[in-house]
Amino acid sequence: MTAQLERPADTLDHEYLEGYEAISVRKVGANLGAEIGNVRVGGDVPAEQIGEIKRALAQNKVVFFRDQLHAGDAEQRAFAALLGTVTKPHPTVAGDGEAVLPIDSDRSKANSWHTDVTFIDRIPSASILRAVHLPPYGGTTVWANSTRAYNLLHPALQALVEKLWAVHSNLYDYAAERDEKRIGGIDVKEQAYRDEFGNLEFETEHPVVRIHPVTGEKTLVLGHFIRYFVGFSSHDSSDLFNLLQRHVTKLDNTVRWNWRLGDIAIWDNMATQHYAVDDYDDRPRRLHRITLAGEIPVSVDGVRSSVRKGDASHFSPIAS
């Protein structure tokens, strides 16, 4: 029997989305984002709640859980395993060697728009991010709805992008990128991290518009891992990329989350981009990310993405 849902005393019933019985779902943005309640993250979340969490994620693209202070890496991973197949931390960066990739301001800052790991063929389906250490101010994360961005394109642009393909590369992967603004020599720790990242090279050709395997919607595959569009010069690729990215990152197509300790965010990596705002000076910020295996993207014409360089089988199976 499903327990009676508990809702904060200062909220109204009409603030919650209908159709959910095992969890509560409250929108935090008009065009994406919802906060999920009545869930205690871990490996024992009931199946009916897992089913509704998946449905809420498909509907809202990114979902947030507050007050999960009990959860550590083990609970985060066990919870992730209920939602899908857990991958290794990253195709080139070891992380904890099992599943967790620390997003640590001491080593990298994800302050550019991207979808996670698009430089491989099997783009992860979702990412689960948990706040571990937060700065006293700033450090927010912004998500953008790449499905809505496609829908709002002029029909002539939709016709164009449905035929386009782009080459994605890990040349400037945010999770391994280092700060080049320093003065002086690189330290040993930083050099070791660069060596780890550069050990493997990946390059994959993806359709600019893919069919979402769960919702059937058309969604844009863009972000900062794109090097160029196939058949376009570097100048034309840059102009076209900026045009399309502007549609994705319009403010009314985004939601911004102010992290608190105990927060966990899950986003649909097949239908969003995200950006970690670097507005917290040199204060430490650390979050732990776990990813879920995804399928190889398929274009509107039914053609799958193709690998140019690299084999990502060590990172993730192909979701079925």
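Reader: Which residues do ring pairs link into a cluster?
Author: This is a predicted model, and in it ring pairs join Phe64, Trp143, Trp257 and Trp267 into a cluster. Searching the whole structure turns up eight aromatic pairs.

Reader: Why is the pair of phenylalanine 64 and tryptophan 143 called edge-to-face?
Author: Their ring centres sit 5.4 Å apart, and a pair needs centres within 6.5 Å. The planes are at 70 degrees, and over 60 counts as edge-to-face, so that's the label the pair gets.

Reader: What makes this pair a tie between parts of the chain?
Author: Phenylalanine 64 is in strand β3 and tryptophan 143 is in strand β6, so the pair ties together parts 79 residues apart in sequence. Both phenylalanine 64 and tryptophan 143 are buried, too.

Reader: Why is the pair of tryptophan 113 and tyrosine 275 called tilted?
Author: The planes of tryptophan 113 and tyrosine 275 are at 50 degrees, with centres 5.5 Å apart. Stacked needs under 30 degrees and edge-to-face over 60, so this pair is tilted. Tryptophan 113 is in the loop between β4 and β5, while tyrosine 275 is in strand β14, 162 residues away.

Reader: Is tyrosine 275 buried, exposed or partly exposed?
Author: Its relative accessibility is 24%. Buried means under 20% and exposed over 50%, so tyrosine 275 counts as partly exposed.

Reader: How do you know that arginine 55 lies over the face of tyrosine 20?
Author: Arginine 55 is 4.3 Å from the ring centre of tyrosine 20. The distance cut-off is within 6 Å, and arginine 55 does lie over the face of that ring.

Conventions
Residues numbered from 1 in each chain as written. Predicted model: local features only at pLDDT ≥ 70, side-chain atom pairs only at ≥ 80, totals over all residues. Heavy atoms only, no water. Phe/Tyr/Trp six-rings, centres within 6.5 Å; stacked < 30°, edge-to-face > 60°. Helix = DSSP H or I, 4+ residues; strand = E, 2+ residues; numbered from the N terminus. Buried < 20%, exposed > 50% of the residue type's maximum accessible area, 1.4 Å probe, protein only. Lys NZ or Arg CZ within 6 Å of the ring centre and 35° of its normal.
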